[in-house]
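Me: Before I rely on any label attached to this model, I would like each one set against its cut-off. Could you start with a residue and its contacts?

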Amino acid sequence: MHMTPKLTLSAARRLKRNNDFVRVRKNGKIYRCQYFAFFSTIRAESWADISSSRIGISASKRLGNAVARNRVKRRLRELFRKWQHLIRPEADIILSSRFPAIAGDFEDMEQRFLHPIKYNGLRRHQPDDAT
C-alpha cells in the first residue's frame, strides 16, 4: 500500500521567536503587494542549522476575527509549503498579511509570492545538467 507523504511544515521550518522576526525585518529585503509584505534574508553560514528555509507569518487583528486571521495564515503557509522546494535552504521569510488576502484569488497570491523569490536571490541553485 502506497502512503502519501506528510505535507505539513515542521516546527523547524517556522520562525517563532521575536528576535528572528526583528532580524529579518531589519536586515532583509522587502517586497510589498496588495496581499502581503514579503521580508526575506539569508542566514549566515555560522548558523547551526541551515538545512531548510524557514517562514514566519504575521496577521494583525486589523484583518478581522480569529477565524479570518487563521484562514489567511493557512493560505500563506500553503504558498510556502507548495513552493518550498524552490527556496534556498538558508532563507528566512516573513509574510505580513494585509486585508485583501482574506478574499484574494489564490492563484494571484501565488504569482505574487513567486516574484520576490526570483528577484530577491532566494531561488535555490539548480545543479548544472552538464555531464
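**Contacts, cores and salt bridges**

Reply: Leaving aside residues up to four places away in sequence, Leu 95 touches Phe 36, Ala 37, Phe 38, Ile 55, Gly 56, Ile 57, Ser 58, Leu 76 and Phe 113, where contact means heavy atoms within 4.5 Å. The model is predicted, so local features need pLDDT of at least 70 and side-chain atom pairs count only at pLDDT 80 or more, while totals for chains, interfaces and linings use all residues. Residues are numbered from 1 along each chain as its sequence is written, and side-chain values use heavy atoms, with hydrogens and water left out.

Me: What makes a group of residues a nonpolar core, and which members of the largest one touch the most others?

Reply: The term covers buried Ala, Val, Leu, Ile, Met, Phe, Trp, Tyr and Cys residues joined through side-chain atoms within 4.5 Å, and buried itself means under 20% relative accessible area, against over 50% for exposed and partly exposed in between (1.4 Å probe, protein chains only). The largest such core has 24 residues, of which Phe 36, Phe 38, Leu 76, Leu 95 and Phe 113 touch the most other members. Strand 2, strand 3, helix 2 (66–83), strand 4 and helix 3 each supply at least two residues of this core; helices (H or I, at least four residues) and strands (E, at least two) are DSSP runs, numbered from the N terminus. A second, separate core has six residues, among them Leu 15, Phe 21, Val 24 and Ala 37. In soluble globular proteins, nonpolar side chains tend to be buried together.

Me: How do you know that Arg 43 and Asp 92 form a salt bridge?

Reply: A salt bridge requires a side-chain nitrogen of Lys or Arg within 4 Å of a carboxyl oxygen of Asp or Glu. For Arg 43 and Asp 92 the closest N and O atoms are 2.9 Å apart, and the pair is therefore a salt bridge. This pair links distant parts of the chain, since Arg 43 sits in the loop between strand 2 (36–42) and strand 3 (54–58), whereas Asp 92 belongs to strand 4 (residues 91–97), 49 residues apart.

Me: Which residue pairs with Asp 92 at 2.9 Å from strand 3?

Reply: Arg 54 forms a salt bridge with Asp 92, again with the closest N and O atoms 2.9 Å apart. Because Arg 54 lies in strand 3 and Asp 92 in strand 4, the pair ties together parts that are 38 residues apart in sequence.

Me: Why are Arg 43, Asp 92 and Arg 54 called buried?

Reply: Their relative accessible areas are 4% for Arg 43, 0% for Asp 92 and 12% for Arg 54, so each value falls under the limit for buried.

Me: How much of the chain is buried?

Reply: Of the 131 residues of the protein chain, 43% count as buried.
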